[in-house]
Every structure is written in C-alpha cells, then in structure tokens.
Amino acid sequence: MLSKRLITCLDVRDRNLAKSIKFANTKDIGDPVEKARQYYEDGVDEIVFYDITASRENRGIIIDIVEEVASQIFIPFSVGGGIRSVEDATRLRLAGAEKININSAAVLRKELISEIAHAIGSQSTILSMDIKQVEKTAAIPSGYEIVINGGATPTGIDGLEWAKQGEELGAGEFVVNSIDADGTKEGYELNLTRLIADMVSIPVIASGGAGNPEHLYEAYAEGHADGAVVASITHYGEYSCREIKDYLHGRGIKMRMNY
Amino acid sequence: MTDTITIIDYNAGNIRSVQRACSEIGAKASVTCDPAEIDEAGRIIFPGVGAAPSAMASVKETGVDAALTRAFEKGVPILGICIGAQIILDRSEEGDQICLGLIQGTTRRFNLTDKSLKIPHMGWNEVKLVRPHPLLNGIKGGDEFYFVHSYFPQPDNDEYVYAVTDYGIDFCSALGYRNLFATQFHPEKSGNLGLKLLERFTSWDGQSPDESVPGKGD
C-alpha cells in the first residue's frame, strides 16, 4: 500500500530560503538548491517550493532555481507562488517540477484550476488552500474561511465549499494550510484536515503547525492526511527526516524507509 | 552496443527528468523522435506520461512505433517507463486503444472494491519481486518507488511479470520480455533506488531470464 508522505516546504525568496512565522516575518535559512539536496539525501518524500515573493510583489517564478533543483533531486517536487496562468504552470513543468501549486489566483478566478488540470493533468495540479478559523456564519457555515495573499486577505469563501469546488474543477491534490497553526509548532489543524480528507477523494496534505514527530502521527492517524508538510522542525536541524520517519514507522505508520 | 542512451521523445512529458537522471548516473543520453536516430540507437528509454490514446497518436505520427518495433526485434535493450510500460502491450482499456503489441497483454484500469483507495495511485509504494531480473538486482523487501497512474500493464503470460505492487490488488509494476523491460513506476523520480535501476540498465546486455520460457509471442 501507499506510504504516507513526509513533505518539506522550502519558501524561496530570491536565492534564499525563508521560514515564515504566521506568514509575517521571514528569516533566511540558506540556499534552496543546496537545502533541497540535503533533504533529498535525508529521505524526504517530496519537496514543495514556494516563491513567497511572487504573490506579494507580482514577480514571476524563478525558473532557473527550479531547473537547478531538478538536476539535483530525483524525487517529485512541486512549485507554487504567483502562478496565474496555464503558461506559468507549463513553464514550471518543463523546468522540472512534477506538480504545480495554485492558490490565490485560483480563488480569484476558479477556472484556472480546470485550465491547468487540462494542460498538465489533474495529478500534477495541486490546489493549496490557506484557511483561517472564523465565527460560523451563513456564508461560512464550517467556520473555516479561505484567505489569500499569504493570509492577509479574507475572501468570504467557506473552506469546505472551496475544497468541493476545487475537486470538481479538476484539482488532483489539496494542501490544507492552517494560517492559525502555521509557524506555531503546536500541531496541525486536525479537525480541518480530517473534514476535508473525509469529504474528497483526492489526496490531502496537512500543512502548518508541525512541532514534533508526534504531530505528524496525528495528521495521518487522526487528520486522515496522505502527507504532512514540515518546515521549522527540520530546517534548523531539530529533527532529521530519518528521525521523524523512524518515529512514525515505530508508531505503525507506513513510511518509505529504504533510500 | 554504445553507451549512449537514446531517450524517445514523442511529446510525452517527463523526458527531461529522465535525461537529468541519466546525467546524474554519468550516462550520456540523447533525446529524439526521429526514427532514423532510433534505428541507430544502442540502448533506448521509452518514457511517457499522459494518456494511451494521445501517446499512441504521437508515436504513430512520428514513426516511432515502427522504429521501436524494429529496435525490439534487433535486440536493442529497451526500458519502458509508465505509459511506456503500458503501450508496449496489445491494447489499453484507456480509450480502448490498440497499442504496439511488443508484449501480449492488456493495460487495465484499476477497478478497486476498496473505495477509500484513491485513483490515480500516486506516491511511494513497495515493488515486490516475483522473479529475478538483471535490472531488479539488489531490490529488497520494503524498497519503494514512485508511482503516478490510473492504469497498469497486465501481460497475458505471467512469466513476463517480474514485480508486483499492492494497491487493493497486486498489480504488475515491472514486466519484461527478451530485450524489453518496463516499469510502471518512475525510476527517474524514485530517489537513489530508481537511479540504481537506471544504472543497471546502462550495462544490461538485453538478456532476460524469460528467454527459455516459451511465450505466446514466440
């Protein structure tokens, strides 16, 4: 059977990596290509690169980083941040990205999901959702609202409703990123992750809040996630991927252990 | 046999990742869809992503179909990957497509009773050997490779199945006949274990253990 995936997220700012705390402050953690190679050798199952400057400063994706990464790591990786068109997605695919993450641009124009899925295939089209817990209202019955622009802008869209639409429009995978949990290291938003994972029939990746390996166990076992994203706990050497996988394997989670 | 690998590009998507993986293991690789170049090839990788009908349309349009068949009949070592492991069979259930027929069999869609199993089958999964093959040397229990697919190859002759993978059913994840070997998984995306498989391919003499087996294709 499929293993659960351990995924790391590298926020790319210019040539440097950055790790955000609640998306607000960023600090550099080094060269993305070198870091990706380290993760690859440490046994990470997949890598997500976010161009965090793209959405905010209206810049394109740094194609050469993607090409360089693609010649260094031989596992799937995805790229997101500022992808607004089929052209953006196709260029990144050709540069070597296995999958494309779309987020804000899809919220602003949802047809983008089906256009990209048609061009590069559903299996390569990931819909990332930034979600914040709010008071339940008629417009947002689940109490989970989609936010965009790195968490700065509420949209009035219900998170569960958006997931339903995203799947219908052809997304092949979801990244569920809780803005409330992001950077806190207090654990994933399990309730939100499970609500979406149980509702859709495409893989769901939990993102935001990992503070220790047990949080990943919870994401798989209680959040019903197919994968979980780590950043802070591995970027600075607190845990290696090997240590996290050993722990999860010991708890009975099927992980890729030979690499 | 030359050491250069000819990667067939018939507009099937993951050519560059295959090329990069070849470069990582120090193998020279050229990319082409020109039948004349394929005729000269000493070693061929036949990759592919996408759908069987569009892949078959491309190989026919480019003349890759006939060139690949000639290479197979000449004994050139060939490695098929993903769609390249599917359209070498007689036909595919995807669009009920007639395929190349290099190995007798059908590419089937997952029809799983366990509805919690998602299609496409996407991610890392174990490749379990059912009989030895030079390209699978060294693969041991628990070794996982990367998959993305909704269909899988099913040769008519079980003797041509070299590895299976469990996804509700044990489906064929590696098959071979004579100088043709093919994997449903992506060695170029499967980390070190995948690179090792590609490395073994660079020195494979094109002999399969199935030579002695009287197959329907004989």
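In this predicted model, the contact between the two chains brings together 25 residues of chain B and 20 residues of chain A. On the chain B side, at least two residues each come from α1 (15–24), β8 (121–126), β10 (144–149), β12 (161–167) and α6 (191–202). By class, the residues with which chain B touches chain A comprise nine nonpolar, seven polar and nine charged.

**Sheet of chain B**
- An open sheet of eight strands, with mixed pairing, runs in the order β2-β1-β3-β4-β14-β13-β12-β9 in chain B.
- Its edges are β2 (29–32) and β9 (128–129) of chain B, and because each has a single partner strand, one side of each is left without a neighbour in the sheet.
- The strands β9(B) and β12(B) run antiparallel and are joined by two bridges, and B:L129 has B:A163 in β12(B) as its bridge partner.

**Nonpolar core**
- The largest nonpolar core contains 151 residues, and those with the most contacts inside it are A:I47, A:I100, A:F174, A:V176, A:I205, A:A228 and B:I88.
- Leaving aside residues up to four places away in sequence, A:F174 touches A:L127, A:M129, A:A163, A:G166, A:I196, A:V200, A:I202, A:V204 and A:I205.

**Helix packing in chain A**
- Helix α4 (residues 86–95) and helix α6 (residues 111–120) of chain A have axes that come within 9 Å and cross at roughly 35°, and the crossing of α4(A) and α6(A) is right-handed.
- From α4(A), the residues A:V86, A:A89, A:T90 and A:R93 meet A:E115, A:I116, A:A119 and A:I120 of α6(A), a contact with five nonpolar, one polar and two charged residues.

Key: Residues numbered from 1 in each chain as written. Chains lettered and ligands numbered in written order. Predicted model: local features only at pLDDT ≥ 70, side-chain atom pairs only at ≥ 80, totals over all residues. Axes fitted to C-alpha atoms, helices over the stretch in contact; angles between N-to-C directions. Helix = DSSP H or I, 4+ residues; strand = E, 2+ residues; numbered from the N terminus. Left-handed = near helix turned anticlockwise from the far one by under 90°. Contact = placed C-beta atoms within 7 Å. Nonpolar A, V, L, I, M, F, W, Y, C, P; charged D, E, K, R; others polar. Core = buried A, V, L, I, M, F, W, Y, C linked by C-beta atoms within 7 Å. Buried ≥ 20, exposed ≤ 12 C-beta atoms within 10 Å, placed from the backbone. Pairing = 2+ DSSP bridges.
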